[in-house]
Structure formats: C-alpha cells, structure tokens
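Dear colleague,

Please find below the structure that I promised to hand over, together with its sequence. My notes on it follow, and I would be glad if you read them with the model open beside you.

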Amino acid sequence: MAKKIPFNVVFATDEDAAFPASELNTHGPTVHGWRSAAGSEVGTHDIILRFHQPAKIYRIQLLAHQYLIPEKVELWLHYSPKSLPSTPSSQYFDFLGFVALQDNANTNYKSRELQSVTVTPRRGTHLKLRLIGAHCNEYNTSGQIALMAVNVLGEDLESAAIINMGEEQQPSESPPIDTATGELALASLCDDLLFSMYVEESIVQHIRELEQRKMQAVSSERFEYARKLKLCMTALRTAGERLGRYALAKRQAVHQEDFSAAKLRKEQIEMYRECVLKQLHVQQLLESEGVLSQNDQSCEVYAGGKPTLPPAPSLQDVAHALAEATITPSSASVPNEKPLNDASTSESVGAIAASAAALHLHAKSHDELPQSPRLPMASRHSSPMSSRQGSLRRRNKSAPRNSYEDYEERAIPTLRQECQGNALLEADPNRSRSRLNDRERRQAALPILVFGSELVEQFYSRQFQDREDGLMRLRNFLKEQEIVDAETNEHAASPNKVARSAALLLHRAVRDAVYSVFNQATETVRVLFLEYVPGRVSPNEVARCVDRLLPELLAKSGDPSARLHTLAQHTILSIAACPQVAEQHLVAPALSRSVGSGTHQRLAMSRLQMLEQLVHTQGISTDKHSGLTCRALSDCGCSGIHHPAEPVRKVAERILLLVYKVNPRLVRKQLPPDDDITRRNLLYRQLFTEFDKLDLERKQELLEANKFNSSNDTDFLQPTTSTDASRLLKSKTGHPVGNDNGYVSCNGKQQYNEQLKRSMLSASNSRKGSVSNSESTEETTPKISCPFCGWCCTGNDASQLDRHYWKTCPFLTKCPQCSQVLEVAALNYHLTTECDAKDNYVVCTRCTESVHKQLYELHQMEDFCRELKTGAARCPLCHDDVNLPLDGGWKLHLLSTGGCPGNIRKRNLKK
C-alpha cells in the first residue's frame, strides 16, 4: 500500500528569504511554502527533491498558491542506486508529464488548487519540479509564483532488490487500488496531503498509533475495540483541525509580538488537547501497558456512534483559568510579602484579562467587516475563529470564502460543515443571525434609520425563521393606525420614508426562494398598499415603490409552481386596487404590453389573466396612458392569439371579445380579412364565429331600439341596452360617457350612421308593403346562386342550394371518413387536423397529401407521389398539381371544361 515518501529539498533555482524551499520538507497548518524571489527574471524555476530511501512512486500531490500560480508544473524523475554517486550535474531525469493549473479567477483568487496526479509506477530517488510561467492577475503583477506543499506517495524499495536489479529497469506494475473507493490504497489516512496540511502534528501522531492498533484489533478479531478506534480517529481529526487553527493563531500573535495573546493561545491549545484526549479515552485505547478488557466492552462515550467533543475553551475562559492559577500560589506564599504579591498578581491578571478582551474585541470587529487582500498588515492578522471558514477547492469543485492573505498565514479547513458551525459559534455563541457587512449596511442605510438595525438584520439573516419574524414585525408596524406628526416629533420618520424603506426590504423578501418567506412578503406588500399608503404617502413615492416591487412580482407570476404564481397574481391585483396606484395607471401598462411568441407560457398566461381581471374590475378607459384603452388591449390580444401555447391563446381571445363589444371596427382592422381563406384557420374561424354572435346580438338590440324610437318619435340617440358595453366603456375618471340624462351614443358617429341607415331601410320596407300590385310585379324574381361554382336557380327554396351542395357542386366533396361536405382544397387539412379520424392520417413529407398510416408505405411507392412544385397545391382527388391556388387555380382546375379527372361530381349549372 502507498505511503508518504519523506524527502528533502536539495536544490531550488531561487527563493524568497521569507519563504524558503525548505518549507516544502514538512506538512502542517503553519507551513509557509516556497515562493520565488520578488523581481526575479528567471522564467523557469526548478526544485529538486531527494527521497530518504529509493522508492516506487505512485502519486504526486501539489498544493498551489491562491494567486501566485504557475501556468504548469512539469514532473521529472531520476533514479540512482546507492552504489553510484549522484550529483546534480550527473543526474538524468525522465519526463513523467505536466500538470496545468487554473488561473483561479472564477473563485476571485480566494482558494488553493490541489492536484493529485497518478503516475505509472516507477522507482526513483530524486524528483524535479519545473514550474513554468505565471498567471498574472491584479494581485500578482510581477510574475511571482509559489508552491504551498508537495506530497509523494509510493512504496520503499528493498535494498537487496535494488542491488540485484542493478541498472535494469523495474517492470511497470499497476498501483494498489482500494476496491471500495476505486482510489489509490493508502497505508494511513495521515499520508494524504489534504489531511496532513490542516491537522495539528501531535494529533496526527495519535491517529497514526490508533490506526496501527486498529489493524491489530481486526487481525485479532476485537471488533468492538476496532469500532471504538475508528470513531476516536474521526473525532480526533475534527479536534486536530481546530488545534491547527489555534496553532496558526499563536504563530500570528508571535509574529505581531503580541506575547500575551500568544500565551493565551498556547494555554488554549494545551487545555483543549487535554480535554479531548481525556474525553475520548485516548490513552486507554492505546493500551500502552497491555491489553485492557474495558476496550472490548461498550462504553457511554462510544455507545451512540460518533463521540461528542468537549466544548472548546474561549480566550476569556483561558484568561480566568490563568488568573486563578496565578492567584492560588501567590496567596499561599510568604505572608510578609502579601501586599507586594497582591499588587503584582492584580497587575498580571489585569494584563491577561485586557489582552483577552482586546483579542475578543478584535475577533468581533473582524467578523462584522469583510476582509480584503489589500488591507494593512495590522488588520490582516486576526483571530482565525472570527473569520468564516473557507473550503479547499479540489480540482475546481468548491469555492472558499476567506481572503488572500489569510490563506497565506492560516490553515484552510476541509469541507466539513461541523467545523464551520463550531467555529462560528465559538466566534460569538450568542449570535442567532449574521451581522450586516459594509455593503449591506450601505444598501439598508434608510431602513436601519427608520426601523432599526435589529429588524433589518432579520431580513438579511441566513435563517428563514428570522426573515419571517422580520416580515411579521414590519407588517405589524404598518398596520398601526396612529400617524405620527412629523412637526410634533422631529425623530419620527415621515410616511414617505417609511414606505420607501419598506419597499427596499420587501424588494429583497419577494425574491426569497423559501415559500413561507415569500408568502409573508406578499401579505406585507398588500398591507403596505391597501392599509398604509392610502391617505399618507405621496403619489411620487407610491410610483417609486411600485416600480421597485412590480418587476419582481411579475417574474414570480411566471413561476411554474402553482402556489407561487397564483400568490404573485393576487398580490399584483391587490396593488392595482390601491386608489393611488389606479389613479396613476402604474400596473396596467406593464400588463398590456405585447406578448411575444418566445415569452414563457406561464408568464404570458399570468399577464393576460391579470389584464382580463383588470378589464372586468376597472373597465376599458379612454385615457391613452392607462394601458386599458381599446387599442392597447387589442394589440395585446392580437399578439397573444399567435402564441404557441393554447391556454394563452384562449385568454387572448377573451380579451379581444371584451374589446369587440366596445369597438368592433378596431378589432377587425387588426385581424386578417374575414373571408373563406382566413376562416380555414381554426383559430380565426372560432374568433370570427364569436364576433358574428356579438354582431347578431347588437343587431337585435338596435332593431328593438328602432321599434321603440318609431313608436315614440324620438331622436336617434338611444339609451344603451347592452350592459356589457355600458360597463366596459369608461372615461378617464371611470364614469360612463354621455349626457346628464344617462343616454349614450352607440359607438359614436359610426354607430349613429349605422342606426340611421337601418331606420331608413326599415322605413323603405314598410313603404314597399303598402305599394300596389303593379309595382310589385315589376320587381325581378329572387334567385339563389352557389358562391363556389356559380350555379343558380329561381325561387326562394333554400333546400335547392343545400341539395346542390350535398350532391352536385364540383367545388365540394365529402370526407371519406366523417362524410362532412367541404371544399376540395381543404380536404387534406381536414383529414389531419379536424376530422374525427385525424389520428389515423399523416401528412406525406414528399407530396403533402393526407395519407392513412397503414397505406403510407404503399403511397410513397406510387407514381403520383412526387415532389410538390414551388407555389403549387396538390389535388387530393386526381393527385395533380394546382398552379396558383390562391389566384383562381382551384376554380380553373375544378370548373374547367374537362374538370378534375378524379372528381365524380358533374357540373350542373341551371340558368
């Protein structure tokens, strides 16, 4: 199994005096690593490592710097037997490969990259690292590079085997693989660089001893003992990472010449290490005096799985312990020296307490303010407990949170949430939510001034319960009925400031991903606009609040979740119901914008549904800025009927019908002409059918109004009889358009002219009924004609025309499946989209005809199945091409002298 190969650095091209290459010889939380000399013009840097014993190499691990990163690292291996002398000039290195390192820009230069390279097993005595190039960034403008740690994993070669083999090359073998994980099998967990760089050295030694004991316990089948050893090693690793951070903090204090803090850190390390070893019964598990039967029995510490670590002593606890240890021996000393000892004791205790308080205050301020890599040296070295712990990015998979210089001087913990949580609790055990940083304080300056920092911190907290509590407190504040007069109380905030501050906080809350928080936020938004804003907030401030909140709510209304978009729609309609919002027309213009075909189905449908609801509640307005005019609604509806989603088209049709009741001419003007070609489209056919129904209702209402007018000899201005039109047609103020007597003009001048024309027509018809028989005989006899083929007959019998359609019209045919009479040109479209048997038909990709699925292969083998000409259509009866189908081509094909060869109907025109 692979283990760590010890080595020494014997050569380096150059180095920084503060970061020598000898730092690579050891691994631990406090190592600095190697760094090239500042201002060096050397483009390639070589570092040669010599192994203590010849070894077979399996894996090489490299830990790069966070911003002093080389572009690539080449790996060279040399082997020389002990019998032969080896000097740098006589060494010949074999090229193993190279490792390309990332520029680390995606993590903002806050993480270190760990590269583990598995190489073909080869024996060697020297390893050369050639670092080429440098990734330049804003923190490395001089091209300086660094390397934090190097680890070599392999196996030692036997001396006898080396002598026997001589100069012959050892055959390649596959490295030992762990069958459980598929990774390289390690002799000890402590040999991994990820472990040894962040765990305190004394704990590493204990873990190594426990691993050996575990192997012996497994071989002797002491499985309870092995289980305890495994759990103890896991707990010791967590404690070792914490002790590593304490050791790093101690070294920082020594570097700053803060020896009081260094003394506290030293005592803290010793106290915590002693508590951990005692809590986990490490000495008992090591069995230094022989086998203990207690280890084979269950105990309380290891009964529930992972053992619980003792709480880490804080700096204040360490200071109090040192003070008590200093007072106790001084009080038992010589009585004659009691005053002097008391004075010296009080001074020392005061110095220790002041140092602990200063260090604690420094940690607290460090937690409140984020670090920067360009801070002065005094602010860089802070307590590691106060800063949030980062995570090591292995192969660009995770992102850390610490600053650049902290990675330079302190250990980076592994990806362990428990360690991060313990460190945060240790920094401030009484803290329930995160404090605001500088950026958040600048953003929330006005809300902090109005509501206080405690409530604002709840909105910025990472706990969703705190955010819910903050929203409830804000809602209760807005529900208060007492209005504080700014003139009588200078410290009270004005309603405009309260509304603006609430909008700033709610803008953050409505974007929350937690549903319960979003629910509370929407409820608070409704309270703000329906209870607090009316009568208090100025119109300009209301518009500013709506502009801030409406885009976020519109985005939420397009969420696929039903409860989210329904709640967002209800909130937007509640905002639109606010009198100040309705007067300024702040919501409807955002909803009545055209719906593009690329708009998401849920978002488009929500917008049109809300717009339809506003039309029902507020009516169609004549104010061009309201967003509810006939033109704006018709534009939005016409864009919605072309959306690919059917539910969106249905809502758009309903909006067009509402506008058509008020202004039919405008709606028809924006749609294609109402002819047979347009009605072939199912969408337009249904829409025009609804328009015809509305026209018929309006015609009946006008006829009834004409009868009423003729009986009472009144003017042509009639009171409106359409409840829908009177409800939908509104002025800018929301009142019906008309005179003081409640009469309105039926759609203005256009409807007035239509009504006049119809009344004149009815009068002429009445006169025709009273003329003599001689005048009636002079009139021509009525005729019935076919609009397709031109066939006509005299008389008023409509059944003749139906019989013609059913049997003899050459322009029409029967569907072979449902027997419906339809145009020959529409038969292919009918079979695939409208017929009851449409599921059995497909469209031929070659000739565009509708073919039964079972006959599709036979159809493609027929001679008439050929490519369609450009601009032509294919006749489904004779399979011939119809040229210019939209310009009389079908009529020429079906009604010519020869007629369509496949049409069994005969032309029968009656003059």
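Does Y198 count as buried or exposed, and at what relative accessibility? At 3% relative accessibility, Y198 counts as buried, where buried means under 20% relative accessible area, exposed means over 50%, and partly exposed covers what lies in between (1.4 Å probe, protein chains only). Y198 sits in the loop between α2 (193–196) and α3 (201–219), and its C-alpha atom is separated by 9.2 Å from that of R237, the two residues being 39 apart along the chain.

Before going further, please keep in mind that this is a predicted model, in which local features need pLDDT of at least 70 and side-chain atom pairs count only at pLDDT 80 or more, while totals for chains, interfaces and linings use all residues. Residues are numbered from 1 along each chain as its sequence is written, and side-chain values use heavy atoms, with hydrogens and water left out.

The chain as a whole

The chain has 34 helices and 17 strands; these are DSSP runs numbered from the N terminus, with helices being H or I of at least four residues and strands E of at least two. Of the 911 residues in the chain, 45% are buried. The chain exposes about 47,500 Å², of which carbon and sulfur atoms supply 51%; such areas come from the Shrake-Rupley method with a 1.4 Å probe, and for residues only the protein chains shown count as cover. Among contacts (heavy atoms within 4.5 Å) between residues at least 6 apart in sequence, 66% join residues at least 24 apart.

Helix pairs

Helix α4 (residues 223–255) packs against helix α5 (residues 259–279) at an angle of about 165 degrees, with the axes 8 Å apart. Here the axes are lines fitted to C-alpha atoms, for helices over the stretch in contact, and the angles run from 0 to 180 degrees between N-to-C directions. That angle makes α4 roughly antiparallel to α5, given that angles over 145 degrees count as roughly antiparallel, under 35 as roughly parallel, 65 to 115 as roughly perpendicular and the rest as oblique. The crossing in which α4 passes α5 is left-handed, a term used if the near helix is turned anticlockwise from the far one by less than a right angle, with clockwise giving right-handed. Residues of α4 including L236, L243 and Y246 meet a set in α5 that includes F259, I269 and Y272. By class, the contact of α4 with α5 has 15 nonpolar, one polar and five charged residues; Ala, Val, Leu, Ile, Met, Phe, Trp, Tyr, Cys and Pro count as nonpolar, Asp, Glu, Lys and Arg as charged, and the others, Gly among them, as polar.

Helix α17 (residues 515–532) takes part in two further pairings. With helix α15 (residues 464–479) the angle is about 10 degrees and the axes are 9 Å apart, and α15 and α17 are therefore roughly parallel to each other. The residues of this contact divide into ten nonpolar, three polar and six charged. With helix α16 (residues 495–509), the axes come within 10 Å and cross at roughly 160 degrees, so α16 and α17 are roughly antiparallel to each other. This crossing is left-handed. The contact is made by P495, V498, A499, A502, L506 and A509 of α16 and by V517, F518, A521, T524, V525, L528 and Y532 of α17, and by class it has twelve nonpolar, one polar and no charged residues.

Helix α23 (residues 630–640) is mostly covered, nine of its eleven residues being buried. What covers those buried residues includes α21 (588–591), α22 (601–618), α24 (646–660) and α25 (664–669).

H893, found in helix α34 (residues 885–895), is buried, with a relative accessible area of 15%. Not counting residues up to four places away in sequence, H893 touches C875, C878, D880, V882, G899 and C900.

Most residues other than glycine have a negative phi. N108, which is not a glycine, has a positive phi of about 60 degrees; N108 is found in the loop between β6 (94–100) and β7 (113–132) and counts as partly exposed at 38% relative accessibility. E287, likewise not a glycine, has a positive phi of about 50 degrees; E287 lies in the loop between α6 (282–286) and α7 (315–331) and counts as buried at 5% relative accessibility.

With best wishes
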